[in-house]
Amino acid sequence: MAAVRLLSYNVRSLRDDPAAVARVVRANAPDAVCVQEVPRLWGWRLRRRRLARDCGLRIAAGRRACGLAVLAAPHVRRVAREFHLLTPDPGLHRRALAIAVLEVGGTRLIAASTHLDLADGPRLRHVHEIIAHLDRARDRHGAPVVLAGDVNEEPGGPAWSLLADRFQDAYAAAPAGGELTFTARDPKRRIDGVFADHAVRVTACGVPPDDAGDHPRATDHRPVLAELGPL
């Protein structure tokens, strides 16, 4: 049985300071990182690999589309991976769900990364689709689910509330550290979250300390760190 440290992080396509992103990730020593807005345009493969390497991690799931990835520490075994495009909306960015089935200390966990839309209707519809994909993944792989990402909505909104009804809102379950995630420089909103199956014990969740002052340098979102387990 093992405890898991899972980080959720929107890195804004590494447009700010990639070295600061890597320092933030390394400082939190995660077993897995659910990343949003990883590079997906020119040189995307090389830039993703470099990000993983600089963080001391490897790529466990993700494709070019939609800027999603799950990274895992060297001691974490990837059992399987999935990638699901969500239904499109004309004129809006395509949304998706990246899934990595991971094994930590002999126990399996499904880590999923997503980035929801700014528009209310598509955001709520996509949450329904994500829940259906995760239900199937849970049944297929026999492992509990942890979903992390940029919700683009605060707690109390319809999409967030649907997620919080089906999963544990990890920060609400075991608040630790900071609450607000956006913007990194002047945080006023909690729009990034970690949502865990009720079978998963959440021991702590929140924005981790930033002793080096790297959060505002790295990207426009603050990271969210969840401590889970022992599983």
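Strands here are DSSP runs of E with at least two residues, helices are runs of H or I with at least four, and both are numbered from the N terminus. The model under discussion is predicted.

1. End of the chain after β12. Pro 230 lies in the segment after β12. The bond between Gly 229 and Pro 230 is a cis peptide bond, with omega about 10 degrees.

2. The other cis bond to check. Phe 182 and Thr 183 are joined by a cis peptide bond, with omega near -5 degrees. Thr 183 sits in the loop between α5 (170-173) and β10. As background, most peptide bonds are trans, and most residues other than glycine have a negative phi.

3. Ala 29, in the loop between α1 (18-27) and β2, has a positive phi of about 45 degrees although it is not a glycine. Cys 66 also is not a glycine and has a positive phi, about 75 degrees. Cys 66 belongs to the loop between β3 and β4. Its relative accessible area is 17%, and the cut-off for buried is under 20%, so Cys 66 counts as buried.

4. The six-stranded sheet. The strand order is β3-β4-β2-β1-β12-β11, in an open sheet with mixed pairing. β3 (58-61) and β11 are the edge strands; each has a single partner strand, so one side of each has no neighbour in the sheet. From one strand to the next, the twist averages 20 degrees.

5. Pairings within that sheet. β1 (residues 4-10) runs parallel to β2 (residues 32-36), and the two pair over five bridges. Leu 7 is opposite Val 33 in β2. The pairing of β11 (residues 202-206) with β12 (residues 224-228) is antiparallel and has four bridges. There, Val 202 is opposite Leu 228 of β12. Although β11 is an edge strand, four of its five residues are buried.

6. Helix α2. This helix (residues 44-54) lies across β3 and β4 (68-72). The angle at which α2 runs to β3 is about 115 degrees.

7. Helix α3. After α3 comes Gly 142, with a positive phi near 60 degrees.

8. Helix α4. In this helix (residues 158-166), Ala 159, Trp 160, Leu 162 and Leu 163 are the buried residues. Seen down the axis of α4, they fall within an arc of 160 degrees, so they line one face of the helix. Pro 158 and Asp 165 are exposed and belong to the face turned away from that buried side. The cover over the buried residues of α4 includes α3 (120-141), β8 (145-150), β9 (168-169) and β10 (192-196).

Definitions and conventions
Residues are numbered from 1 along each chain as its sequence is written. This is a predicted model: local features need pLDDT of at least 70, side-chain atom pairs count only at pLDDT 80 or more; totals for chains, interfaces and linings use all residues. Side-chain values use heavy atoms; hydrogens and water are left out. Buried means under 20% relative accessible area, exposed over 50%, partly exposed in between (1.4 Å probe, protein chains only). Two strands pair if DSSP finds at least two bridges between them. Axes are lines fitted to C-alpha atoms, for helices over the stretch in contact, and angles run from 0 to 180 degrees between N-to-C directions. Contact means heavy atoms within 4.5 Å. The arc is that of the directions from the helix axis to the C-beta atoms.
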